[in-house]
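User: I want to learn how to read a sheet and its helix packing. Can you take me through an example?

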Amino acid sequence: MKTVKLIEVRSELGAGTRGASLGIEALKLAALEHDSYFFGRYKSKEIKDNSRLLYKNPIRTYAKRIRGVIKIYEKQAKAVLDEIRSGKVPVVISGDHSSAGGTIAGVKMAYPKAKIGVIWIDAHADLHSPYTTPSGNMHGMPLASALGVDFLGKPKNKLKEDTIPYWDILKNIGGICPKIDPEDLVFVGLRDMEPEEALYIRKNKVKVVTVPQLRKGKVKEIVQQILSYLDHCDYLYVSFDIDSLDSSLVRGTGTPVSNGLTLKEADKLLGGLLKDSRICCFEITEMNPLLDHENRTAVRVFPLFKDAVNTIEKRIKKEQTEKKIITNQAQPAQPIHKSKRLPTIKKPGLLNLKSPKKK
Ligand SMILES: [Mn+2]
């Protein structure tokens, strides 16, 4: 039966601040304050971290720990591919956002000929490449790797020779590059980006829904707009970076930004988007309890996550019921076998009750 399957990616290799690999545990412990049995209801698959790499000096300034990130991409892509193949909808809880590059690779590997739409709910564009990154942190690059982008204009960074072949490997995970095109992408909540990212968005006319736009219109209508904009896509993946929420709500995340979404807005947004029957994968990412106070961020975010999973499950159940009805209707009327026919009643007397004629 089609169900949700959790994939836990305990990696923070792509982040610049330590602690995001503990985000999964933070969310699980936060669940105890809302719905103690939630995680008991789901099976999950774990992608082990490569945290020992954190104890080594990153050699490549503009693609820190890229070899470790390649490994995570590969493992993550395979996990997503396996789950989709076995009829599941993977729901990914990841440490830092770089793993989303692996998620997109997995979705594309599952549906190599299909158009994959990506809805990126995030304060940041994550469109950097080693050529343009100011920090060298790989969690700023997953979309560039999926789009196969190197840079527009002039490369800003002078790269070590071996950085480029590794970046090429990352873009080509799954043997398909690019995995998505600019028209398959929608940003929601974007409000903090570098000039190179802004240039890419402008030149390629990538759709962006800002927080004020979302607030001005009705969330329901905005959801409809996004879904019809991605009408040409066969499958959709929603990536939810918790820094899309306002910084006052998410102290426990690596790169908080003010003027973000409220919890209610995010809940409505996810509720609307995840109802779509094309949704084949959802990811939540960038929770960092080391930056938090008393795990408040995860406690705030858990209800959002739970609603998101419930919405996906409801949709799956609805589809299964509809499918059953259709299959039942589609079955041709079977001729009843002679022996199964009801015996002919020769004496119609008892069954042929006619209302007695009134006098
Ligand atoms: Mn992000």
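Analyst: We start with the sheet and then turn to the helices. Keep in mind that this is a predicted model.

User: How do strands of a sheet pair in general, and in what order do the strands lie here?

Analyst: In general, strands pair through backbone hydrogen bonds, in a parallel or an antiparallel sense. Here the pairing is parallel. Eight strands make an open sheet, ordered β2-β1-β3-β8-β7-β4-β5-β6.

User: Which strands stand at the edges?

Analyst: β2 (44-47) and β6 (207-209) do. Each has a single partner strand, so one side of each has no neighbour in the sheet. From one strand to the next, the twist averages 15°.

User: Take one pair. How many bridges join β1 and β2?

Analyst: Four bridges, in the parallel sense, with β1 spanning residues 4-9.

User: On to helix pairs. At what angle do α8 and α9 cross?

Analyst: Read the angle together with the axis distance. Helix α8 (residues 219-229) and helix α9 (residues 263-273) cross at roughly 40°, and their axes come within 9 Å. Angles under 35 degrees would count as roughly parallel, so α8 is oblique to α9. The crossing of α8 past α9 is right-handed.

User: Which residues make that contact?

Analyst: α8 contributes Val-219, Lys-220, Val-223 and Ile-226. From α9 come Glu-265, Lys-268, Leu-269, Gly-272 and Leu-273. By class, the contact of α8 with α9 holds five nonpolar, one polar and three charged residues.

User: How do α9 and α10 pack?

Analyst: Apply the angle reading again. α9 and helix α10 (residues 296-330) pack at about 15°, with axes 9 Å apart. That angle makes α9 roughly parallel to α10. α9 passes α10 in a right-handed crossing.

User: And which residues of α9 and α10 meet?

Analyst: On the α9 side, they are Leu-263, Ala-266, Asp-267, Leu-270 and Gly-271. They meet Arg-300, Leu-304, Asp-307, Ala-308 and Thr-311 in α10. The contact of α9 with α10 divides into five nonpolar, two polar and three charged residues.

Conventions: Residues are numbered from 1 along each chain as its sequence is written. This is a predicted model: local features need pLDDT of at least 70, side-chain atom pairs count only at pLDDT 80 or more; totals for chains, interfaces and linings use all residues. Two strands pair if DSSP finds at least two bridges between them. Helices (H or I, at least four residues) and strands (E, at least two) are DSSP runs, numbered from the N terminus. Axes are lines fitted to C-alpha atoms, for helices over the stretch in contact, and angles run from 0 to 180 degrees between N-to-C directions. Angles under 35 degrees count as roughly parallel, over 145 as roughly antiparallel, 65 to 115 as roughly perpendicular and the rest as oblique. A crossing is left-handed if the near helix is turned anticlockwise from the far one by less than a right angle, and right-handed if clockwise. Two residues are in contact if their C-beta atoms, placed from the backbone, lie within 7 Å. Ala, Val, Leu, Ile, Met, Phe, Trp, Tyr, Cys and Pro count as nonpolar, Asp, Glu, Lys and Arg as charged, and the others, Gly among them, as polar.
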